[in-house]
Amino acid sequence: MDVRTLSEDKKISEYLNQLNELRKDGEVKSLYTKQRLDALKDNKLLSKEEKNIERAVLLEDLENSKRIIEQNKDKVKELSSEALSYSKKISSSFLKEKSTYVSDAIKALKEEEKKRIAETKAKANERIASLSSKTSTTTKNSEDERIKSEINAVKYELKSEINDIKASTKDKISKLKDENLAAYTEYVSINRSIRGGKTNLIENINLSFKSYIASFKPKAFLLNNGIYLTILVFFIVCVIIAPLKGMGRLFTLPNILTILEQSSTRMFYALGVAGLILLAGTDLSVGRMVALGSVTTGLILHPGKNIVSFINMGPWDFTPIPMFIRVLMALLLSVLFCATFSAFSGVFTAKLKMHPFISTLATQMIIYGILFFGTKGVPTGSIDDGIRNLIGGRWYLGSINGTSITFPKLIIPAIVAIIVAWFIWNKTSFGKNMYAVGGNAEAAAVSGISVFKTTMLIFIMAGIFYGCGAFLEAFRANASAGTGQGFELDAIAACVVGGISFSGGIGKIRGAVLGVIIFTSLTYCLTFLGIDTNLQFVFKGLIILAAVALDSLKYLNRK
């Protein structure tokens, strides 16, 4: 069955020609003139006087275009509305016809596949039966061995032919789905042309949905989302069990806000370590970095004289310094110390090609020793209540059914950190270099990317995120040399669950964010249900194994 394309409709072509004629000296020329004005700024071949003359001419053309746009505005609007109505009217039947054609064709292909497989099996079984009848049932000789070898060859050929038939059918079905998608894409494209290049939200959503359906493959979907589906089932079970055990509802608004608050500081650590995992590395020093920054913050923001001395220096009293300066000092020193130690690890990885596992393990031990030797493990004490509430407190939003609803302030800096990390990863040349070096460092070097510089910047960026997170961590609890114990494992696990691959060069910021929220929610759910803390490590371990196993399967499939 041959189904015509939408663009072949003569009336659609007439509408587009009329609209193009109306827009030719208006919108089209205006856009072209603006492009020429932008290009004129960077034109170094023209003198200043020549540029001014050219600019005056272009500005005059731009004004003329605007007048023409204003003159034709009502006519363009009326004609566009009429064209869109007509396009919608004829496309509904056309797209339905196309969809029916594709659906019928797919059914026919599947029936043909079954028929061909059945015929192939029948022929193979006849050959096998014929060969089997020639074998001796009482003795074994070279002829029998030869016949058995032929039977195995027939079975192998049968399997290969069946796979070829299935692959051929799969390919044809894929082309039919693409054909169906192309019909809707053409409809959207025509409507955009009618609107003068403007898009429509509903059309874009439908197009994205149809594109997803056309490319949907169950096996790939399970590989990509299997861990999320498993965790979703776990959460559903927890939600059902909690009321039955008399513990109340699990996912209430206060509980969700508490989960987000607990995720806020952990978000910084995951965003930092995500860059190193993108390099096919890791970072075992995260927990010690947290302790370093938190202790620094606690010492500076402690009300009154400190109770901790550091290597026989102090205790200090920072209260004479204005609070704003103290907060800024605490943040900057936390970031500076963490970035310095992270860069220290980075030098060994970037220059000596040492695996981050070793360089960060050594850094972890160095920081650990310095902190415990310097502070004797004594907690720094509480932070001044005023600044604690200002930065790490909560806003009162009201009450629902007698329950107070408060919004954690720490969520705000976490959101800012996510936006900054997303921008760096997706909108900067450094972000592109991260993926290139993580995917294949040698190829990146050949293409002109400085592997040393990129690696060092990734380590420094990680240190900055750790420093900011450690600064905020001090507002959650009294900091000591033991603060942050095991945080590196949670950060790494969150990234792995979020789809940032240890293979290198694969992953998205949203994966790290989702991983942190999932892991924090998991811990909260288990604690809420009264599961022993030690058993919680079992759940976490199984989830990490499942996530890495699925990642490995995806890698093996690509190979």
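Predicted model: local features only at pLDDT ≥ 70, side-chain atom pairs only at ≥ 80, totals over all residues.
1. The axes of helix α11 (residues 411-427) and α14 come within 12 Å and cross at roughly 175°. Axes here are lines fitted to C-alpha atoms, for helices over the stretch in contact, and angles run from 0 to 180 degrees between N-to-C directions. On the α11 side, P413, A417, A421, I424 and W425 meet M461, F465 and L472 of α14, where contact means heavy atoms within 4.5 Å. By class, this contact of α11 with α14 has eight nonpolar, no polar and no charged residues. In that classification Ala, Val, Leu, Ile, Met, Phe, Trp, Tyr, Cys and Pro count as nonpolar, Asp, Glu, Lys and Arg as charged, and the others, Gly among them, as polar.

2. Residues are numbered from 1 along each chain as its sequence is written, and side-chain values use heavy atoms, with hydrogens and water left out.

3. Regarding the chain as a whole, the protein has 17 helices and two strands; helices (H or I, at least four residues) and strands (E, at least two) are DSSP runs, numbered from the N terminus. The radius of gyration is 33 Å, well over the 24 Å that the globule rule gives for 559 residues, so the protein chain is more spread out than a compact globule. That radius is taken over C-alpha atoms, and the globule rule is 2.2 Å times the number of residues to the power 0.38. The C-alpha trace spans about 100 × 90 × 60 Å along its principal axes.

4. Burial and contact range complete the overall description. Of the 559 residues in the protein chain, 41% are buried (buried means under 20% relative accessible area, exposed over 50%, partly exposed in between, with a 1.4 Å probe and protein chains only). Among contacts between residues at least 6 apart in sequence, 75% join residues at least 24 apart.

5. Helix α14 (residues 451-473) also packs with helix α8 (residues 323-352): their axes come within 7 Å and cross at roughly 150°. The pair α8 and α14 is therefore roughly antiparallel. Their crossing is right-handed, a term applied if the near helix is turned clockwise from the far one by less than a right angle, with left-handed used if anticlockwise. The contact of α8 with α14 has 19 nonpolar, eight polar and one charged residues.

6. Not counting residues up to four places away in sequence, S345 touches S359, T360, T363 and F459.

7. A further helix pair involves α1 and α3. Helix α1 (residues 10-41) and helix α3 (residues 142-194) pack at an angle of about 35°, with their axes 9 Å apart. Here I12, L16, L19 and R23 in α1 meet I190, S193 and I194 in α3. The residues of this contact divide into five nonpolar, one polar and one charged.

8. Returning to α11, I424 is found in this helix. Not counting residues up to four places away in sequence, I424 touches F430, G431 and M461. The C-alpha atoms of I424 and M434, ten residues apart along the chain, are separated by 9.8 Å.

9. In helix α12 (residues 429-439) the residue of interest is A436. At 28% relative accessibility, A436 counts as partly exposed. Leaving aside residues up to four places away in sequence, A436 touches A441, A444 and I449. The C-alpha atoms of A436 and I449, 13 residues apart along the chain, are separated by 8.4 Å.

10. Backbone angles deserve a final point. Most residues other than glycine have a negative phi. A280, in the loop between α6 (253-278) and α7 (286-301), has a positive phi near 65° and counts as partly exposed at 29% relative accessibility. K353, in the loop between α8 and α9 (356-375), has a positive phi of about 60° although it is not a glycine, and at 62% relative accessibility K353 counts as exposed.

Key:
Parallel < 35°, antiparallel > 145°, perpendicular 65-115°, else oblique.
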